[in-house]
Amino acid sequence: MRIGAFCVLLCLAGLAEQRTPAPAGGSARRGGQLVVAERSAPRSFNPVVITDNPSKTVLERINADLIHINRRTFKTEPALAASWTASRDGREYTLKLRPGLKFSDGHALTADDVVFTFQVYLDEKLAAPQRDLLVVAGKPIGVRKVDDLTIVVSLAEAYAVADRMFDGIAILPRHVLGAAYAAGTLAQQWTVATAPASIVGTGPFRVSEVVPGERVVLERNPHYWKRDGHGEALPYLDRLVLLTVPSTDAELLRFKAGELDVMSRPTAEQFESLTGGQYNTVDVGPGLEYNFLVFNLSDGAAGTPLARRQAWFGQEDFRRAMSAAIDRQAIVKLVYRGRAEPLWGPITGANAAWRNTSIPHPPRSVDRARQLLRQAGFTWRDDGTLLDRAGTQVEFNIIVSASRPERQQMATLIQSDLAEIGIRVTISPLEFGAFVDRLTRKRDFEACIHGIGSGDADPNSDVNVWLSSGNLHLWNPNAAKPPTPWEAQIDTLMRNQMSVRATGERKRMFNEVQALLAEHEPMIFLASPHILVAAKPTLGNFQPAVLPHYALWNVDELYWRAASRD
Amino acid sequence: MRRGTSPKAARVARGALLAATVLLHVVILAAPWVAPYDPAAQHRDVPFAPPTRLHFVDRVGRWHAQPFVCAIVHVPGTFFRYVEDCATTAPVRAFVRRQEPFGFTTREARHLFSADPPLDLFLFGTDEFGRDVFSRLLLGARVSLAMAIAAAGVALAIAVVTGAIAGYAGGFADTAISAGTELVLGLPWLYLLIAARAAMPLALPPPQAMAMIVILLGFLGWARPGRLVRATVAAARGREYVMAARTAGASTPRILIRHILPDVTAVVTVAGVVLVRQFVVAETTLSLFGLGVPEPVPSWGTMLAAAQRPRALTETWWLLAPVVGLIVVCMVYYALARVLRPDPLHNRP
């Protein structure tokens with residue numbers, strides 16, 4: 001694998017020479033290309049079928065949305081829609097498009113394209129991943145054209161964050177895809193084999209060349225609508241090259257060799273090797289990802305060994321004891337070299353607006369863990385082994401994704417922490433597909449270490465984690481009705497905050513949700529890694545964010561400082 | 001022994017090799033006593049500590065017969081960079097007894113050597129969790145070698161049975177078994193091993209995982225010794241003393257056990273030694289891919305997996321200690337195989 005990567009490296013060594021010179025007479029910032037790495041090649045350019053991150057990275061560079069969430073401020077800002085107003089009851093939004101918008105092929109964008117776009121995404125037959133986001137209170141949103149520049153969106157009931165709903169919804173060109181949609185072949189359009197010129201969007205770049213499995217080259221979209229403060233058309237860069245680099249070690253080597261301009265998300269250890277002035281290294285601080293230990297509390301395991309263990313996992317004192325025995329500071333220090341934040345709840349320090357600051361952060365205490373276990377009827381053998389009421393030795397297995405070494409390290413630390421209170425823990429690193437299958441579909445696991453990286457700072461982005469009917473309610477998903485009173489309480493709070501529009505009131509409700517989670521500990525929150533990014537020091541406007549894409553979110557504003565552009 | 005070596009030199013070499021082999025196995029067998037620490041104990045305040053230096057000369061230049069160690073302190077502002085602070089020292093003692101945590105109490109443990117607490121003696125440094133690499137290396141060797149020897153036993157048992165049947169019975173049995181042997185030999189066994197292990201349940205407690213690896217290795221490694229056994233048995237079948245025994249009315253099992261197997265013993269011993277060497281490497285490879293023995297049981301493969309980091313060679317080179325261990329074990333077993341190889345000059349005519 002390394003050897004393979006090295007061969008690709010040699011083959012592509014000529015890339016650096018391909019940088020085009022700045023056009024004469026252009027602005028000082030205009031020109032040059034940016035070379036970045038992705039873990040795998042994009043699978044498609046079709047927004048209707050894309051769910052994987054490398055494809056999304058390309059998708060978000062070649063498309064634009066009506067209303068955009070600023071990745072640094074978390075606030076909504078106008079994109080293709082210049083302005084929007086909500087009706088008094090909060091059920092109708094009127095959006096005004098910018099005048100003179102054009103797709104990357106020069107064709108005008110009108111309200112008809114917007115109506116077509118939502119028709120496509122809401123089509124049940126297509127089952128687009130965007131559909132769930134556009135369904136409010138069980139009913140799809142309604143979109144109708146008023147005139148060429150005005151659209152009205154209607155919701156079944158008031159929705160607190162209706163404007164955030166439009167983020168990432170790529171507007172599709174009816175003149176290109178209309179026929180395919182009518183013929184029922186939309187899902188087969190815009191594959192990696194499609195001629196780049198017929199892939200049309202409204203983003204800062206458009207596809208120029210695709211070498212499957214090797215690289216995707218995007219070029220400046222001359223019809224892009226956005227301008228900088230001086231009225232100059234964006235983006236500044238002429239080209240954006242996305243290379244397929246399968247491992248983070250290989251990415252680091254190529255970044256250090258100067259072939260890549262940005263190193264996105266190095267590990268803490270790699271990051272340390274980049275600090276020292278040669279590169280522009282940015283520790284953005286904690287992101288929105290929260291890592292946790294969760295026990296399987298699903299029903300339907302009666303009579304199995306899991307059911308016997310669930311008798312322990314189901315006891316709140318048992319879970320609290322686990323939480324008290326785990327050394328979060330050690331995780332921060334040993335797994336992330338200090339570049340992480342210990343967690344006692346799902347909301348990280350990056351999201352101060354929504355964090356409940358009154359949740360306690362008790363330090364590790366083996367004594368407290370023992371006291372809680374004793375309280376719950378557990379005892380110890382002379383050699384320190386923990387026994388339950390029936391005299392059975394307490395032991396369980398933790399599954400973890402083999403592709404996430406940091407979670408395996410957390411598991412090893414927790415294994416040692418829990419050994420101190422007499423619990424024998426085994427760890428099974430599983431291939432990612434098998435891991436997800438056991439976790440979400442088969443529910444065949446005892447405990448699991450996993451992480452969720454919220455896509456947005458708003459609590460609604462994780463509603464399927466907190467609702468007992470949610471498919472990511474990992475301790476007991478898809479429940480027909482809430483199994484415990486406190487889960488019922490969380491359900492009510494989460495549902496209510498969705499329709500309340502006063503932010504203060506929503507914050508109060510979500511604070512209560514966080515307090516309930518901290519009290520009952522269905523998930524034992526561990527740590528949130530810092531977002532680390534590095535770039536060549538001459539890359540201008542480089543302002544990594546805590547939301548993805550951490551480095552490229554403002555790619556239209558990135559530029560090469562004069563001296564470095566060749 | 002190679003022709004041309006003087007008998008005396010050969011005897012010395014043989015003796016030295018024997019001593020090395022015995023020493024290696026004694027150390028590995030006595031690992032819990034030789035190793036100064038529990039291999040799973042995490043010294044979380046000193047991860048990635050470099051090997052502790054043994055000092056013989058103190059700060060005023062005086063020599064000490066008994067070595068001592070200095071305290072190590074963090075370099076402020078860095079993670080996992082240490083410097084020695086010889087203002088605090090502790091002697092290293094041999095044959096120590098000390099109290100170690102056991103459950104919520106302590107118990108007495110004996111070790112070959114150890115530095116006086118609170119200072120530590122990490123002969124080969126520590127890993128990412130602050131576990132003593134030297135202790136893990138020794139206990140990992142125990143795990144790896146025990147599994148390799150057991151697997152070699154399984155493989156040889158299969159080889160002797162199939163080889164004896166094929167070589168003695170001949171005919172269809174020979175053709176069938178030989179074809180099977182050729183097939184197994186033709187397979188890329190390492191990949192097959194990884195595929196077979198990956199197809200089995202991953203969530204196994206350490207003892208079952210070890211048993212499974214032993215069986216897997218055994219069932220994939222019998223072909224080459226099987227062929228050797230077959231050739232030896234087939235050759236012996238035609239010898240006069242075997243024919244004489246047969247004419248005298250001896251039963252087939254008696255002929256096999258009394259007259260043919262002694263010939264096979266030498267072949268099998270050498271094959272076994274070669275297999276152990278191969279299997280140690282195979283087990284390490286499996287564990288390296290995360291398919292071997294699960295944490296926290298130390299194994300050379302899992303240790304090397306943790307050493308897979310971009311700057312291991314320059315920054316944390318001591319994590320590569322299992323590589324040295326592998327080379328030593330392989331060399332000792334290789335030399336052993338050469339020495340045990342039946343000498344054509346002293347063979348039966």
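## A tour of chains A and B

Begin with the two chains together: in this predicted model, 28 residues of chain A are in contact with 20 residues of chain B. To see where chain A contributes, select α5 (248–256), α6 (268–274), α9 (328–335), β19 (395–401), α11 (405–419) and β20 (424–430); each of these elements of chain A supplies at least two residues of the side that touches chain B. Colouring that side of chain A by residue class gives ten nonpolar, twelve polar and six charged residues.

**Chain A as a whole**

Next, display chain A alone, as a cartoon. Its secondary structure comprises 15 helices and 24 strands. With a radius of gyration of 25 Å, close to the 24 Å that the globule rule gives for 566 residues, chain A is as compact as a globular protein of that length. Along the principal axes, its C-alpha atoms fill a box of roughly 80 × 55 × 40 Å. Buried residues account for 47% of the 566 residues in chain A. Of the contacts in chain A between residues at least 6 apart in sequence, 66% join residues at least 24 apart.

**A four-stranded sheet in chain A**

Now select β4, β5, β9 and β8 of chain A, which form an open sheet in that order, with antiparallel pairing. At the edges are β4 (81–86) and β8 (142–147) of chain A, each of which pairs on one side only. From one strand to the next, the twist averages 20°.

Within this sheet, zoom in on β5 (residues 92–97) and β9 (residues 150–154) of chain A: the two strands run antiparallel and are joined by five bridges. Show Lys96(A) here; opposite this residue, in β9(A), stands Thr150(A).

**A helix pair in chain B**

Finally, move to chain B and select helix α3 (residues 133–169) together with helix α7 (residues 223–237). These helices of chain B pack at an angle of about 35°, and their axes are 7 Å apart. The crossing of α3(B) and α7(B) is right-handed. Side chains to display on α3(B) include Ala155(B), Ile158(B), Ala159(B), Thr162(B), Gly163(B) and Ala166(B), which are among the residues that make the contact. On α7(B), the contacting residues include Pro225(B), Gly226(B), Val229(B), Arg230(B), Val233(B) and Arg237(B). Coloured by class, the contact of α3(B) with α7(B) has 13 nonpolar, five polar and two charged residues.

Key: Residues numbered from 1 in each chain as written. Chains lettered and ligands numbered in written order. Predicted model: local features only at pLDDT ≥ 70, side-chain atom pairs only at ≥ 80, totals over all residues. Rg over C-alpha atoms; globule rule 2.2 N^0.38 Å. Buried ≥ 20, exposed ≤ 12 C-beta atoms within 10 Å, placed from the backbone. Contact = placed C-beta atoms within 7 Å. Nonpolar A, V, L, I, M, F, W, Y, C, P; charged D, E, K, R; others polar. Pairing = 2+ DSSP bridges. Axes fitted to C-alpha atoms, helices over the stretch in contact; angles between N-to-C directions. Left-handed = near helix turned anticlockwise from the far one by under 90°.
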